[in-house]
Amino acid sequence: THVVTESCIRCKYTDCVDVCPVDCFREGPNFLTIDPDECIDCAVCIPECPVNAILPEEDVPSDQLAFIKLNADLAKNWPSITKRKAPLPDADDWKDRKDKISELIR
Ligand code: F3S
């Protein structure tokens, strides 16, 4: 599967969802996840994300391994998103910040 990692938090640019052929993105208040039961590993979403948040599972860095389970768990409860929309209003202020996991709203 592919995994949405930390840089998406508080940004949510949503460019990724328009290109997904299987509609595997799920939307939370300030983060998106990929449903691992739906993702076909096509990778077309990777270059769409302006903050490089999406990675193949095997490339998730060691300090972000928690996002693999987080994507799977949150995807169960969050609704599908298939159309791009405006990013969060202060996305550009948050796009270069690190250690944002404490900002994640479930
Ligand atoms: Fe998040 Fe990037 Fe998509 S910021 S919503 S993974 S385009």
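Residues are numbered from 1 along each chain as its sequence is written, and side-chain values use heavy atoms, with hydrogens and water left out. As the model is predicted, local features need pLDDT of at least 70 and side-chain atom pairs count only at pLDDT 80 or more, while totals for chains, interfaces and linings use all residues.

The structure holds 8 salt bridges, a salt bridge being a side-chain nitrogen of Lys or Arg within 4 Å of a carboxyl oxygen of Asp or Glu. Side chains of opposite charge can pair when their charged atoms come close. One of the salt bridges joins aspartate 15 to arginine 84, with the closest N and O atoms 2.9 Å apart. This pair links distant parts of the chain, 69 residues apart: aspartate 15 belongs to helix α1 (residues 15-19), and arginine 84 to the loop between α2 (66-75) and α3 (91-94). Helices (H or I, at least four residues) and strands (E, at least two) are DSSP runs numbered from the N terminus. Aspartate 15 is buried because its relative accessible area is 14%; buried means under 20% relative accessible area, exposed over 50%, and partly exposed in between (1.4 Å probe, protein chains only).

A salt bridge also connects the side chains of arginine 26 and aspartate 35, at 3.5 Å from N to O. Arginine 26 counts as buried at 11% relative accessibility, and aspartate 35 is buried with a relative accessible area of 12%. Arginine 26 is also among the residues touched by threonine 33, which lies in strand β3. At 0% relative accessibility, threonine 33 is buried. Not counting residues up to four places away in sequence, the contacts of threonine 33 (heavy atoms within 4.5 Å) are Val4, Cys24, Phe25, Arg26, Leu70, Asn71, Leu74, Ala75 and Trp78.

Within helix α2, aspartate 73 and lysine 69 are 4 residues apart, and therefore separated by about one helical turn. Their side chains meet in a salt bridge of 2.7 Å, N to O. Aspartate 73 is partly exposed at 31% relative accessibility, whereas lysine 69 is exposed with a relative accessible area of 56%. Elsewhere, a network of salt bridges links Arg10, Asp90 and Glu103.

Asp41, Glu57, Glu58 and Asp59 form a negative surface patch. Patches are made of residues with over 30% relative accessible area and no salt bridge, like charges being joined within 9 Å and nonpolar side chains (Val, Leu, Ile, Met, Phe, Trp, Tyr) within 5 Å. Lys and Arg count as positive and Asp and Glu as negative, with His and the chain ends not counted. Aspartate 41 is placed in the loop between β3 (32-34) and β4 (54-56) and is partly exposed at 42% relative accessibility. Glutamate 58 lies in the loop between β4 and α2 and counts as exposed at 66%.

Aspartate 37 and alanine 75 are 38 residues apart in sequence, and their C-alpha to C-alpha distance is 9.4 Å.

Key:
Areas by Shrake-Rupley, 256 points an atom, 1.4 Å probe, with all protein chains shown as cover. Charge placed at Lys NZ, Arg CZ, Asp CG, Glu CD.
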